[in-house]
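This report concerns a helix contact and a pocket. The sequence and the structure are shown first.

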Amino acid sequence: MKYIIMCGGQYKGFDVPRWLTPVGNETLVERTIRLLKESGVTDIAISSNFNYFDNLGVPVLKHDNQYRCGDPTSRHTWMWAFYPTDEPVCYIFGDVLFSPEAIKKIVETETDDIEFFASAPPFAPNYSRTYAEPFAFKVVNQKHFHQAVADKRMYYHM
């Protein structure tokens with residue numbers, strides 16, 4: 001299975017896009033790549049039309065995304081980083097600080113359809129949302145996934 005780290009969207013008000021936020025001596029996206037490799041994943045790519053990722057040692061998948069949904073200021077711009085494919089894939093949000101345990105759970109979870117990984121209650125007191133936020137999707141049944149996107153069922157409360 002290919003693991004695609006999604007690095008799209010607009011981050012107005014940030015000095016750098018969130019996926020380039022430093023965490024220790026690496027960025028969020030570098031950390032995710034490292035954790036995936038430490039979990040045994042070898043097929044890793046980044047989905048982005050930005051030119052920030054050429055030196056990270058993984059392919060950058062640039063594309064004309066069919067999942068655009070609204071204007072560039074829309075809160076749904078995270079969908080723009082989905083790389084269109086019909087192959088089994090795990091989409092991982094590039095702007096999330098994953099723990100090693102979370103990456104391990106994502107990698108080890110098997111599915112024959114769609115598996116959704118998200119934040120879950122009880123939320124920490126400083127968590128800014130009152131609902132689950134998506135962080136990764138493991139997709140084997142692309143037909144169901146494309147239908148869920150088309151039906152906007154994947155936007156939840158965003």
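## Lining of the second largest pocket

In this predicted model, helix H2 contributes the most to the lining of the second largest pocket, giving three residues. The lining consists of Val96, Leu97, Phe98, Ser99, Ala102, Lys105, Ile106, Phe117, Ala118, Ser119 and Phe135. Two elements supply two or more residues each, namely helix H2 (100-108) and strand S7 (114-118).

The second largest pocket holds about 160 Å³ of space. By residue class, its lining comprises eight nonpolar residues, two polar residues and one charged residue.

## Geometry of H1 and H2

Two packed helices are described by the angle between their axes and the distance between the axes. The axes of helix H1 (residues 28-38) and H2 come within 9 Å and cross at roughly 55°. H1 is therefore oblique to H2. The crossing in which H1 passes H2 is right-handed.

## Residues at the helix contact

On the H1 side, the contact is made by Arg31, Thr32, Leu35 and Leu36. These residues meet Pro100, Ile103 and Val107 of H2. The contact of H1 with H2 is made up of five nonpolar residues, one polar residue and one charged residue.

Notes. Residues numbered from 1 in each chain as written. Predicted model: local features only at pLDDT ≥ 70, side-chain atom pairs only at ≥ 80, totals over all residues. Heavy atoms only, no water. 1 Å grid on protein atoms, 1.4 Å probe; cavity = no way out; pocket = protein on both sides within 12 Å on 5 of 7 lines; lining within 4 Å. Points joined across faces, edges and corners; volume = space filled by probe spheres on them. Helix = DSSP H or I, 4+ residues; strand = E, 2+ residues; numbered from the N terminus. Nonpolar A, V, L, I, M, F, W, Y, C, P; charged D, E, K, R; others polar. Axes fitted to C-alpha atoms, helices over the stretch in contact; angles between N-to-C directions. Parallel < 35°, antiparallel > 145°, perpendicular 65-115°, else oblique. Left-handed = near helix turned anticlockwise from the far one by under 90°. Contact = heavy atoms within 4.5 Å.
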